[in-house]
Every structure is written in structure tokens, then in C-alpha cells.
Amino acid sequence: MSSFRKNTSGQQATKPPSATRLNPHSAQLLVSTGVPSLDDVLGGGLPVGGILLIEEDRQTDYSSTLLSYFASQAIAAGHELCIVDADQEVALKDQLPGWASAAHEMQAASGPNDTPTARSTSDESMKIAWRYQNMPRIDGDRDDYDGKNAKSNSALPDAREVPFCERFDLSLRIPPKVIENATIEIMAGSDLLRISNEDYGGDMYECVLGKIASIIGERFSSLKPVAPGTNRNILRIEIRSLGSGFWQGSDGLSMLKFLHRLRGILRYSYAVCVISFPAHIYEDDGVRMPIVRRAEHLCDAVIELESFEGAYATPSDIVARQSMPAAAAAGDYHGFLYIRKLPRLNSLTASMGRLSLLHSGGGSTNNLAFRLRRKKFSIETYHLPIEGGITERRVPAKDESKGNRHHVGAGAGCGSTPGRSDPLEF
């Protein structure tokens, strides 16, 4: 038995931030993106101190749905939120989906006739194919995604316990009172333009980076010890349409400098960042410019959304298809999700291959698709539809002529009896 013991008398056990968990392979602290299936694709969640880059679709706005999930998860978990949008003003009351566990509060705010979304008991008795019955489910229908990491929530009035990933409903909205009680910093529209012109010579990248560095340095730096009895919190940073035409910089490399410096700041902080990036505007005759590849290299995780509508239809076709009731009610996939890069913080290899249930392959294998239903956004393994659809009869009619065929004569086949059908005949 060794005589050396670690001296822990002067150390205090600090609790991890709310709604977080550890990666079992790299011991990296993880937070949820708000979408359980996206957490699974990333290997359990988004690592704290990392950057997730979402490459937007050309003609649709599915990336904003993921950003709204990210912001709603921040409010549900009691995390602080910082939103940056140079394109337009931010109206959170109309953009953030509500969580179903607080449906009674939303019903009181909306009206007594509105029925909140609740999990139906009939779903438990639903029968599915035997080959899929024992497979793990990855969806937002569970109150606790991991079953072990329920932390207290400071944003909700009742201070209830919250899981690692909340269950959200796109048909609901977070009550305005809950949004007012949350800690949210917004830099958007005319305010961002005014501050950048007054203090940073019109460079929006320097303005946003200075604000983020100031917030992290005050409350979220991992290099500064916390006071005894104080629990750390998480800062969630949401940057919308980085590099669009509304962003003003000093030169053509301002965006790359911004990403490089932002990654260095986040590495030593309890903060996480999700960025939407319109990569399609950096194309020349259908070929992406090198700046897109360099931006992907400066981020820790990169995914791309490619909708079927935006890739194969004109804007008029998209509007016409969305107005069709049959298309809205259909359960088809809405597009592909491509994995360009996976997070590898504190590890040489990504943990997705060991932890993910959706992605069974590796390397350049991409067989994931996404659906946007009325109540939730989900990522699933892509499967081809049934041939002929669900309304076509696929059971062939019986051929009566085969049952009436008889073998005449004594020279019948092996094992047959004259006057009867041959049992060996197919």
C-alpha cells in the first residue's frame, strides 16, 4: 500500500454548472444544443470552450431553428445568453420555442382554451416493427435525456430540476416573464452598427470580440478562481449569419481573425459558441472559395444543412410546395445533414464513433437527414421511401391458374401422383 496521499484539505469540491455532463472518454464538460439528436451526432453534446459552425442552406432558414433551440436551452438551464445579429433586430418573444414541462405556465399566458402539448399515453402502446423495437430512441420525448444530470434551474420561477437537455415544442413559446428574468445580452441591428462606428472605427468583428472578451473576463474565465460557495455558470454565445453582407470589417481577413481570436478566448472559459455561416455566398461558379475551408478549420465542429427544396427548386416552387396541404402533412425528410468536422477537445479522436447511436460509420460517411415537424426538429438516419408509396397495393394477387394445373399420365415428376399437382413444382 502506498504511503503517498493527495492533500485535498485546502480544496473545496465545486459543483459543475447546471445542465452539464462529462464526456466519458475525454472528461470534457458538455452542454446540450437543445436538440437531442444533434447532441448525439456531436458525441454527447457540445464541449464547453468550443465553437459549432452551422453552414446555412441556400434558400431556406433551417439553421435559425437550431439557433432558437440553443437559446431556449440556455434559458431552461439558467445559463447566460449572448446573441449577436448584424442583419436585423432580435425579437426573442416570437422566436424561442417553449419547453413542454412548463406547459401549464404557457397555457396560463396564452389562454384557457389553448391545450398545451403533453405526452400521450397512447405512444407507449404503439407497436412498431420487431427489428426496430429494441433500438435506442433519440428524440425529445423524454423528460431527462441522460437520466442522471438534473440540475437546478434559476431562470424558471419555480426553481425546478432541469435535465441535461430539455424537451421543447415548436408550437409553444416561452412566456415573456421567463425571458425577462433570464440574463441575456443582445448586440444586433442598429445598436451594433452604432457602437462599432463610435468605438471601433466601423469594425463589427472587433466590437463583438471586445464585448465577448469583456463578459468572459468578468464572470466566466476558467483562470480565475471562484469565491467559496459560488457555483460556476455557462455563457452561451449565439452569432447569426457571420460573414454576411451586413458585417463590416477592416479587411477581407477580418472574419478569419475573429474566429482565431474567439477560439483562443473560449478555450480558457466556461463558454460555448454556436455560429451560423452563409457559406453559399462564398462561391464562385458553384465552387467554394478557400475562405470557407479556413473558417471550418478554425472551428471545433462543423455541420451543413442542405434542404431538398433549396437545392433542387426555385423560390416559386418552394412557396408553392409549402402551401400544399399534402406536402405539409407528409412525413418526408426535408434535407441532408452533412458532418464536416467533429469536436476533438482533450482528445486525438472524436468520440462520436463510440457514443453516437445515429452515426454507425466514420470518416466521410454521411447518411443523416433532418425533419422539421410542427412540434420539433429531429435528425435521423436517412432511409429510402417504400417503393410505390403507402397507398399502393404491394401484395400480388393469387394466380388461380397455378392451382388448376395437373400432370396427366403415368410419367409424372418425382414424388407426384398421377392426377394430382406436383408438390415440388414452384
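This is a short talk about two helices, α7 and α8, and how they sit together.

Quick housekeeping: we're looking at a predicted model, where local features need pLDDT of at least 70, side-chain atom pairs count only at pLDDT 80 or more, and totals for chains, interfaces and linings use all residues. Residues are numbered from 1 along each chain as its sequence is written, and side-chain values use heavy atoms, with hydrogens and water left out.

Let's start with α7. Helices here are DSSP runs of H or I, at least four residues, and strands are E runs of at least two, numbered from the N terminus. α7 has 17 residues and reaches 23 Å from first C-alpha to last, close to the 24 Å expected at 1.5 Å a residue (that's 1.5 Å times one less than the number of residues). At its start, a side-chain oxygen of D203 comes to within 3.1 Å of the backbone nitrogen of Y205.

Which residues of α7 are buried? Among them are M204, Y205, I212 and F220, where buried means under 20% relative accessible area with a 1.4 Å probe, protein chains only.

Now α8, residues 254–266. Its buried residues include M255, F258 and L262, and what covers the buried ones includes α7, β4 and α9.

So how do the two helices meet? Contact means heavy atoms within 4.5 Å, and it's made by residues including L209 and I216 of α7 and F258 and I265 of α8.

Key: Buried means under 20% relative accessible area, exposed over 50%, partly exposed in between (1.4 Å probe, protein chains only). Axes are lines fitted to C-alpha atoms, for helices over the stretch in contact, and angles run from 0 to 180 degrees between N-to-C directions. A polar contact is a pair of N or O atoms within 3.5 Å; within protein, one must be able to donate a hydrogen and the other to accept it, and residues adjacent in sequence count only if both atoms are side-chain atoms.
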